[in-house]
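Subject: Structure for your review

Dear colleague,

Please find below the sequence and structure that I am handing over to you. My notes on what was found follow directly after it.

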Amino acid sequence: MLYKVLGKGEPIVLVHGWAMSSEIWIDLANKIAKNHQVFLIDLPGMGSNKNTQFIDMDQINVEINALNLSHFSIMGWSFGGQIALHYSYKFPKKIKKLFLVSTTPCFVNQIGDWQSGIEANIFNKFANDLIADWQTTMERFLNLQLLGSEYRKTILKKLKPLFLKTAPDIDSLKKSLNLLLQNDLRYMLPLIDLPTMIMTGNQDKLVTIKASEFMNKKLKFSKIKIFKGAAHLPFLSHSDDFMNTFQEFNDNYDK
């Protein structure tokens, strides 16, 4: 796993979303690094990680274990939240706190028992657009997810040279897309016995409020924060509120 480390102190691993890179975290990571040792990882075939052997969630767990951390917190955004959830289920003794940002246990609606996701055709259109023209689609996506933020133009100006400079590997995108379509982690939730903070935006079109509320009910030791006016990127559009929420939970909430 390709990674970089910022700061010193209690370790926390940040896991980015599908088709993204660790650069999406950079402003938040710099803030957290004032009191923590922050590990910013790039998933296979994304960002600066040229290893395209993206196999499955268990393989990603192996890569995270290669960081050689014995007890740490983990924060995942979107697909990265599923990775953080899966890792915490597999290795609960290694995790101190779990932060799930814009995360759902199951992205796509399932006939009969899960209607808190999105329709497969909507998800597939977004995914296919990304694969066909990653840069244009991602710029459009970032613009949409930052609507309502007074810092939208400033954030985009900073992100573009950092984040949009390196397109992800198409084969890795397709492999990880299959994980996104197939993942159904609902059964894990009642078995995770960790302090968990769920952070989501009420304008998110990819992860529904119902999915976040479902996780909050199923997880034993969880709290939920809904950022009003935020979409899929609350840590960018509502950065101060997001950081305050993280800090308060980290300082005060334990199992």
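Ser222 is found in strand β7, which covers residues 222–227. Please note that the model is predicted. With a relative accessible area of 15%, Ser222 is buried, because a residue counts as buried under 20%. The side chain of Ser222 is joined to the side chain of Asn216 by a polar contact of 2.7 Å. Not counting residues up to four places away in sequence, Ser222 touches Thr196, Ile198, Met215, Asn216 and Tyr253.

A second residue in a strand is Lys96, which is found in β5 (residues 95–101). Lys96 is partly exposed, and its relative accessible area is 28%. Its side chain makes a polar contact of 2.8 Å with the side chain of Glu10. If neighbours within four places in sequence are left aside, Lys96 is in contact with Glu10, His71, Phe72, Ser73 and Pro195. Between Lys96 and Leu189 there are 16 Å in space, C-alpha to C-alpha, and the two are 93 residues apart in sequence.

I turn next to the packing of helices. Two packed helices are described by the angle between their axes and by the distance between those axes.

Helix α2 (residues 57–65) packs with helix α3 (residues 79–90) at an angle of about 75°, and their axes are 10 Å apart. That makes α2 roughly perpendicular to α3, because angles of 65 to 115 degrees count as roughly perpendicular. On the α2 side, the residues that meet α3 are Met57, Asp58, Ile60, Asn61, Ile64 and Asn65. Their partners in α3 are Phe79, Gln82, Ile83, His86, Tyr87 and Lys90. The residues of this contact divide into 6 nonpolar, 4 polar and 2 charged.

Leaving aside neighbours within four places in sequence, Asn61 is in contact with His86, Tyr87, Lys90 and Phe91.

Helix α4 (residues 120–132) takes part in two of the contacts described here. With helix α7 (residues 170–182), the axes come within 11 Å and cross at roughly 170°. The helices α4 and α7 are therefore roughly antiparallel to each other, because angles over 145 degrees count as such. Phe123, Asn124, Ala127 and Ile131 in α4 meet Ile170, Leu173, Lys174, Leu177, Leu180 and Leu181 in α7. This contact of α4 with α7 is made up of 8 nonpolar residues, 1 polar and 1 charged.

With helix α5 (residues 134–145), α4 packs at an angle of about 130°, and the axes are 5 Å apart. That makes α4 oblique to α5. In α4 the residues involved are Phe126, Asp129, Leu130 and Ala132, which meet Trp134, Thr137, Met138 and Phe141 in α5. The residues of this contact divide into 6 nonpolar, 1 polar and 1 charged.

Most residues other than glycine have a negative phi. Asn68 is not a glycine, yet it has a positive phi of about 60°. Ser78 likewise has a positive phi of about 60° although it is not a glycine. Asn68 lies in the loop between α2 and β4 (72–77), whereas Ser78 is found in the loop between β4 and α3.

In soluble globular proteins, nonpolar side chains tend to be buried together. Which residues have the most contacts inside the largest nonpolar core? They are Trp18, Met75 and Phe235, in a core of 83 residues.

Finally, Ser239 lies in helix α10 (residues 239–252). The C-alpha atoms of Ser239 and Leu28 are separated by 7.4 Å, although the two residues are 211 residues apart along the chain. Not counting residues up to four places away in sequence, Ser239 touches Lys31 and Pro234.

Yours sincerely

How values were computed: Residues are numbered from 1 along each chain as its sequence is written. This is a predicted model: local features need pLDDT of at least 70, side-chain atom pairs count only at pLDDT 80 or more; totals for chains, interfaces and linings use all residues. Side-chain values use heavy atoms; hydrogens and water are left out. Axes are lines fitted to C-alpha atoms, for helices over the stretch in contact, and angles run from 0 to 180 degrees between N-to-C directions. Helices (H or I, at least four residues) and strands (E, at least two) are DSSP runs, numbered from the N terminus. Angles under 35 degrees count as roughly parallel, over 145 as roughly antiparallel, 65 to 115 as roughly perpendicular and the rest as oblique. Contact means heavy atoms within 4.5 Å. Ala, Val, Leu, Ile, Met, Phe, Trp, Tyr, Cys and Pro count as nonpolar, Asp, Glu, Lys and Arg as charged, and the others, Gly among them, as polar. Buried means under 20% relative accessible area, exposed over 50%, partly exposed in between (1.4 Å probe, protein chains only). A polar contact is a pair of N or O atoms within 3.5 Å; within protein, one must be able to donate a hydrogen and the other to accept it, and residues adjacent in sequence count only if both atoms are side-chain atoms. A nonpolar core is a set of buried Ala, Val, Leu, Ile, Met, Phe, Trp, Tyr and Cys residues joined through side-chain atoms within 4.5 Å.
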